[in-house]
Amino acid sequence: MNVVLRKIEARELELFRREMKNSFQQSAFERFNSQDAAPIPPENEVDEAFADERYDVFIIDADGIPAGGTIIKKEGKGKYSLDLLFVFKEFINKKIGTAVWQIIEKHYPDAEIWETCTPYFDRRNIHFYVNKCGFKITEFYCEYHREEHDLTEEFKDVNSSGFFRFEKVMKQ
């Protein structure tokens, strides 16, 4: 399968938001048997990232068909944040996520440190980041350990139930 990242176009934002919501709600449903979870991140953050030059918003294409998306934030001085990476339901378990991460690493050769986070209950994501991409769990945020630096609103809500922060130090 040929996997590529391409910059999102404004006309694709609705697809991106809808599929992002479906992807994250599927994880919540699998864990809590509920479709009522708010989208993570909130849909307005996709639009904000699209309009902000510090972010790169990509559609993931697999054999020319949209298969997912990613949002990457340039934090500065070799530090990047993988704010979002999702694969459409019909493309899960086809090694697209791993291929995308390899593309991302090549696309950002100046990256020294990557960080990302995911809710504690999303075992598939934890497995992906740790075992497939080489991230290390650096913190667990919960009611006993609150986040000190700026967090977006969606993770302030998740903070009450817990999430992991991951970091990957790149070899230079």
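Predicted model: local features only at pLDDT ≥ 70, side-chain atom pairs only at ≥ 80, totals over all residues.
The protein is built from five helices and seven strands. Followed along the sequence, these elements come in the order β-α-α-β-β-β-α-β-α-β-α-β. Of the contacts between residues at least 6 apart in sequence, 64% link residues at least 24 apart. Burial applies to 47% of the 172 residues.

In soluble globular proteins, nonpolar side chains tend to be buried together. Here the largest nonpolar core comprises 41 residues, and F16, I96, I104 and W114 have the most contacts inside it. Beyond its neighbours within four places in sequence, I104 touches L5, T70, I72, L82, L85 and also W114.

Once neighbours within four places are set aside, the contacts of E167 are I113, W114, E115, F135, K136 and T138. With a relative accessible area of 21%, E167 is partly exposed, because the buried class requires a value under 20%. The side chain of E167 also makes a polar contact of 3.0 Å with that of R165. Finally, E167 and S81 are separated by 86 residues in sequence, while their C-alpha atoms are 9.2 Å apart in space.

Notes. Residues numbered from 1 in each chain as written. Heavy atoms only, no water. Helix = DSSP H or I, 4+ residues; strand = E, 2+ residues; numbered from the N terminus. Buried < 20%, exposed > 50% of the residue type's maximum accessible area, 1.4 Å probe, protein only. Contact = heavy atoms within 4.5 Å. Core = buried A, V, L, I, M, F, W, Y, C linked by side-chain atoms within 4.5 Å. Polar contact = N/O pair within 3.5 Å; in protein donor to acceptor, adjacent residues only side chain to side chain.
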